[in-house]
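Good morning, colleagues. Please look at the sequence and the model on the screen, and I shall take you through a few selected sites.

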Amino acid sequence: MAEVLFYRLTRSSLAGTLPVFVERSLARGSRVAVRGGSEAGLARIDDQLWNHGDGSFLPHGRDGAPHAEDQPVLLTTGAPTNGAQVLLLVDGARVDPAEAVSFDRVALIFDGNDGAANDTAREDWKAVAASGHKATYRAEEEGRWVEQASSG
């Protein structure tokens with residue numbers, strides 16, 4: 001069973017948080033897929049990953065581009081084709097609990113200041129917990145992630 005993590009952003013932005021998650025996953029030797037809710041959202045993320053910091057480089061590519069399957073980080077709105085072990089869900093993207101078994105780790109990163117995003121995350125939490133996956137909910141507190149709840 002995959003570990004499914006729920007990260008509720010309340011102080012940080014996705015633009016500031018996502019590169020950190022990607023960097024940590026790559027440092028662990030994992031291939032990553034970032035699933036977005038729309039092509040427009042992925043275009044913003046693509047820019048953010050190219051320009052997120054001085055001297056840093058996060059190798060990535062877009063689904064549908066040449067050699068997408070070879071990318072260590074793949075941006076997609078669908079199923080990853082790069083053999084990702086880590087799936088990061090952003091901008092309303094969702095995962096079917098049956099699909100989660102294909103990954104070592106799944107992280108849903110959502111805007112805790114958006115009521116609809118909170119509602120969707122609650123629905124996804126219930127589905128993940130009912131499926132038998134371990135689910136962990138973390139929220140930002142004083143600049144760090146604090147576990148608030150877990151299932152399984």
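Is Thr136 buried or exposed? Before I answer, please note that this is a predicted model. Thr136 is buried, because its relative accessible area is 1%, and the cut-off for that term is under 20%. As to its place, Thr136 belongs to strand S7, which covers residues 134-141. Apart from neighbours within four places in sequence, Thr136 is in contact with Glu3, Val4, Leu5, Phe6, Trp125, Glu147, Ala149 and Ser150.

I turn next to strand S2, residues 32-35. Both of its faces are covered. Val32 and Val34 are buried on one side, and Ala33 and Arg35 are buried on the other. Strand S4, residues 73-76, runs parallel to S2 and is joined to it by four bridges; there, Ala33 has Leu74 as its bridge partner. Strand S5, residues 86-89, is likewise parallel to S2, again with four bridges, and in S5 the partner of Val32 is Val86.

Finally, I come to two loop residues and their backbone angles. Most residues other than glycine have a negative phi. Asp91, however, has a positive phi, near 50 degrees. Asp91 sits in the loop between S5 and helix H3, residues 97-100, and is partly exposed, with a relative accessible area of 38%. For Glu142, phi is also positive and near 50 degrees. This residue lies in the loop that links S7 with strand S8, residues 144-151. Glu142 counts as exposed because its relative accessibility is 74%, where the cut-off is over 50%.

Thank you for your attention.

Note on methods:
Residues are numbered from 1 along each chain as its sequence is written. This is a predicted model: local features need pLDDT of at least 70, side-chain atom pairs count only at pLDDT 80 or more; totals for chains, interfaces and linings use all residues. Side-chain values use heavy atoms; hydrogens and water are left out. Buried means under 20% relative accessible area, exposed over 50%, partly exposed in between (1.4 Å probe, protein chains only). Contact means heavy atoms within 4.5 Å. Two strands pair if DSSP finds at least two bridges between them.
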